[in-house]
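Dear colleague,

I am passing on a structure that you have not worked with before, and my notes on what was found in it follow below. Please read them with the model open beside you.

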Amino acid sequence: MTAYIQKPWLSSEHDQDPRTATGRPLKWGVVATGGIAHSVTSDLALLADAVLYAVSSRSQASADAFATELGFQRAYGGNAESTGFEQMFADPDVDVVYIATPHAQHFRIAQAAIKAGKHVLVEKAITINADEAQELITLAQEHKVFLMEAMWSRFLPSIQRAFEIVQSGELGEIKWISADLGFPAPYDPEARLWARRDGGGALLDVSVYPLLWPLGILGFPQAVSAVGTLTDQGVDAQNALTLEYSSGAMAQLTSSLLAYGPRSATVAGSLGSMQTHGSVNNPHELTVTIGRDGTRVEKFSPVGIGYSYELREVTRCIQQGLTESPVMPLEDSLNVMRLFDGARAQLGITYPNDTH
């Protein structure tokens, strides 16, 4: 029987409380003050060994407001001489930074952080393209600092448990997987989700979550086919990816900024199937059915919003002197960007970063 999940996808610590300290306190800096920065920081505050130390923004007023609301000790805003993040990276007391800007800014800001000797957690997608990702990885290795893409769902107990179920062989040989994630986002060509200059579109922002399921179970595919609907700016409003494997298995993934979907994943095997309930990127229930009978439901209640698990991983790795996560290795981030580059070529999507 095929053994699907190969380490590093499975974590030996996913059933532990992420709030529990694992070593010396780390002083965190956060780049940007938008919605995702606010959500992740709320979970960061739950960690006993995390210090909310500094925040940076384009404006001092925004940095000050964020710091006051969430309890950061220092706030850095841009001025005529330097950006807020450059000032923060010059602060010797900052140990690790979380970058929560739009995709197109990830490379430049992460590059500056690494050169300043800071450990880095950068929002997904890690960069705009594989060339940028490879350059960041090489730079981090040269500077001997930790680097990880913030693929938070990978660390959730529910998703880790789903991978364990598959690995156990209970579902038999996996033949196909389907997963979707969609929501109608109001169209604004200047908004982050839609703007070409920011790396907008469903692929980089949404498709990472449905893609998590086949990659964690079947690995990287031998072939990818992509179709989609493009906006007048040339970014994808929705897309459908088909992944093909040499074993004959396949996966069908749908991502949309136009419509609601069931937001679920189905894993179909020769002995049984598994269905997620709740959003595909943070399922709270797994239904396992062996044959046509024998159904059971496993339920999960994540700590905080769910970001605390990836934050624990980053903290633990840095405390142990690691430069990458064994659960979310840099090679996986690079291969995902290569997959997206190939999908974008089929869809006809290019970004300004591609010409740098």
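**A network of salt bridges**

Arg161 is partly exposed, with a relative accessible area of 25%, where buried means under 20%, exposed over 50% and partly exposed in between, with a 1.4 Å probe and the protein chains only. Please bear in mind that this is a predicted model, in which local features need pLDDT of at least 70 and side-chain atom pairs count only at pLDDT 80 or more, while totals for chains, interfaces and linings use all residues. Residues are numbered from 1 along each chain as its sequence is written, and side-chain values use heavy atoms, with hydrogens and water left out.

The side chain of Arg161 forms a salt bridge with that of Glu298 at 2.8 Å, N to O, the term standing for a side-chain nitrogen of Lys or Arg within 4 Å of a carboxyl oxygen of Asp or Glu. Glu298 lies in strand 14 (residues 293-299) and Arg161 in helix 6 (residues 157-167), so this pair ties together parts that are 137 residues apart in sequence; helices (H or I, at least four residues) and strands (E, at least two) are DSSP runs, numbered from the N terminus. Glu298 counts as buried at 16% relative accessibility, and its side chain also meets that of Arg296 in a salt bridge of 3.0 Å, N to O, with Arg296 partly exposed at 28%. Arg161, Glu164, Glu170, Arg296 and Glu298 are linked in a network of salt bridges, and the count for the model comes to 16 salt bridges.

Elsewhere, Asp341 and Arg344 form a salt bridge of 3.4 Å, N to O, and they are three residues apart in helix 10 (residues 330-347), separated by about one helical turn. Asp341 is partly exposed at 23%, whereas Arg344 is buried at 4%.

**Backbone points to look at**

Most residues other than glycine have a negative phi, and most peptide bonds are trans. The peptide bond from Lys124 to Ala125 is cis, with omega near -10°, and Ala125 is placed in the loop between strand 5 (119-123) and helix 5 (130-143). Ala32, although not a glycine, has a positive phi of about 100°; this residue lies in the loop between strand 1 (26-31) and helix 1 (35-44).

**The whole protein**

The protein has ten helices and 14 strands, and buried residues make up 56% of its 356 residues.
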